[in-house]
Amino acid sequence: MRKKVLVVTTLALIGVLLLSVCSYAASNEVISFKMVGNNSSLLSTQAAKKIAAIIEEKSNGSLKPILYLEGQLGDNDEDLCSGIVEGHYEMLLNAEMLFNWASPEWMELFNMAFIFDSQEHLQKFWESDMGVDLANILLEKFNVRAYINAIALRGPRYLTANKAVYNVEDITGLKLRTPNNPGVIASWRATGANVTPVSWGELFGALQTGIVAAQENPLANIDQAGLYQVQSHLMQTEHQYTNYFMYFNNNWYEGLSDEHKQIISEAIDEGFAWHNEQVNKTDEELLAKFKEKGMIFIPKEEIDIESFRKEIVPQLLKENEDSYPEGAYERIQALNN
C-alpha cells in the first residue's frame, strides 16, 4: 500500500513539474511577426523601426517584429494591402488605400481638396465617431484592424508649377499631375485644371519635358524626387492633409494577450508622436532648402484659398449627392468649430 501511495505521489509531483515547465515555456514563448512597409516616406519608415524596437524592448523579447519596411515585399500599395487581408503578414504601415476599398463613398469625400484645414482637424476626424465607424467597416469587410488612436501625419500637400498661382483662375487649363485618386482628380478638375495622369516614377521627366507643367505633393515627396529642379514656384496651398496608419491582420491580433496588445498600442503611440514632431520640423527645413535652390515661394496669406473652395466644394457635393454619406461634409467641418 505504501508503495502504491509512493508511486501516486511521485506521479503527481512529475505532473506538477511538467505543468510548471509547460507554463514557463508558454510564458517565455517568442511571438515573431512581420511588420511590412514600402518605404514611401523615410520618416514613416524610421518611425516604424522605432515602434518595432519599443515593442521588443517592452515585451522583454516575447514579441519579435521581423521588418520588411523598405519595399522588400513589394512597393505596390494594392499588393501590400492584399497581403495583410490575406494574412501573409501581421502588421502593415500604409496610407488610406484599405479605407478606399472598404468605404469608397466616404474616402472620395475624405480626399476632396481643402476639406481639412489643418493636421489637428484631420486628427479630430479619426478620433470622432466617423473615424471609428470607418475602422469598424474595414474590420467587418476585410478582417483588418486599423489603429486609429494615433496616426502618422504627413506634411500637407503643396502645389508646384512653372508660374505663380494666386487664385483658382491661375490654374485654369494648367496641365496638372495628381495621384490616381478619384476625389483628388475630381477636385482639381473642378478648378479648371487639365488633370493629366503620370506615374510617380515618370513625374520628374514629365515636368522636365513639359508633358505636365504642375503637380501637388507633400514637401518631403517634392524633395525626394528632386522636383525643385524642374519647378520654379512653390505655393503653400496646404490643400490636403493625409496620414499613415498601422494595420493589423485581425486573426493574428485577436490571438495576442491583453498585455501584448497594450505594449503594441503604447509603441505605436510613441513612435507616431516622434514621427509627427519630425514631419513638422523637416517641413520647415525643406522650405528653407527649396528657397535656397531658387524656388519662388508664395505663402498661404497671398493665395486666395477661398476661390478654390468655391469651385471645388459645391461642384463635388452636387455631383456626388447620391454617393457621399448624407451630411458628412457638414459633420467634418463642424469638427473644426
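Begin with the lining of the largest pocket in this predicted model: by class, this lining comprises 12 nonpolar, 15 polar and 8 charged residues. The space in the largest pocket amounts to about 1200 Å³. Select Asp77, Met97, Arg154, Pro179 and Asn180, which are the closest to the centre of this pocket among its 35 lining residues.

Next, colour the secondary-structure elements around the largest pocket. At least two lining residues come from each of helix H3 (77–86), strand S3 (91–94), helix H4 (97–102), helix H5 (104–110), helix H8 (182–190) and helix H10 (219–224).

The volume of the second largest pocket is about 320 Å³. To find its centre, select Ser41, Leu42, Leu43, Ala220 and Thr282, the nearest of the 19 residues that line it. By class, the lining of the second largest pocket consists of 9 nonpolar, 7 polar and 3 charged residues.

Now turn to the nonpolar cores. The largest of them contains 59 residues, and those touching the most other members are Phe99, Met112, Phe125, Trp126, Ile171, Tyr247 and Phe308. Centre the view on Phe99. Beyond its neighbours within four places in sequence, Phe99 is in contact with Pro104, Met107, Trp126, Leu134, Ala135, Leu138, Ala146, Phe245 and Tyr247.

Finally, select Phe33, Ala152, Ala267 and Phe272, which are among the 26 residues of another core, lying apart from the largest one.

Conventions
Residues numbered from 1 in each chain as written. Predicted model: local features only at pLDDT ≥ 70, side-chain atom pairs only at ≥ 80, totals over all residues. Heavy atoms only, no water. Core = buried A, V, L, I, M, F, W, Y, C linked by side-chain atoms within 4.5 Å. Buried < 20%, exposed > 50% of the residue type's maximum accessible area, 1.4 Å probe, protein only. Contact = heavy atoms within 4.5 Å. 1 Å grid on protein atoms, 1.4 Å probe; cavity = no way out; pocket = protein on both sides within 12 Å on 5 of 7 lines; lining within 4 Å. Points joined across faces, edges and corners; volume = space filled by probe spheres on them. Helix = DSSP H or I, 4+ residues; strand = E, 2+ residues; numbered from the N terminus. Nonpolar A, V, L, I, M, F, W, Y, C, P; charged D, E, K, R; others polar.
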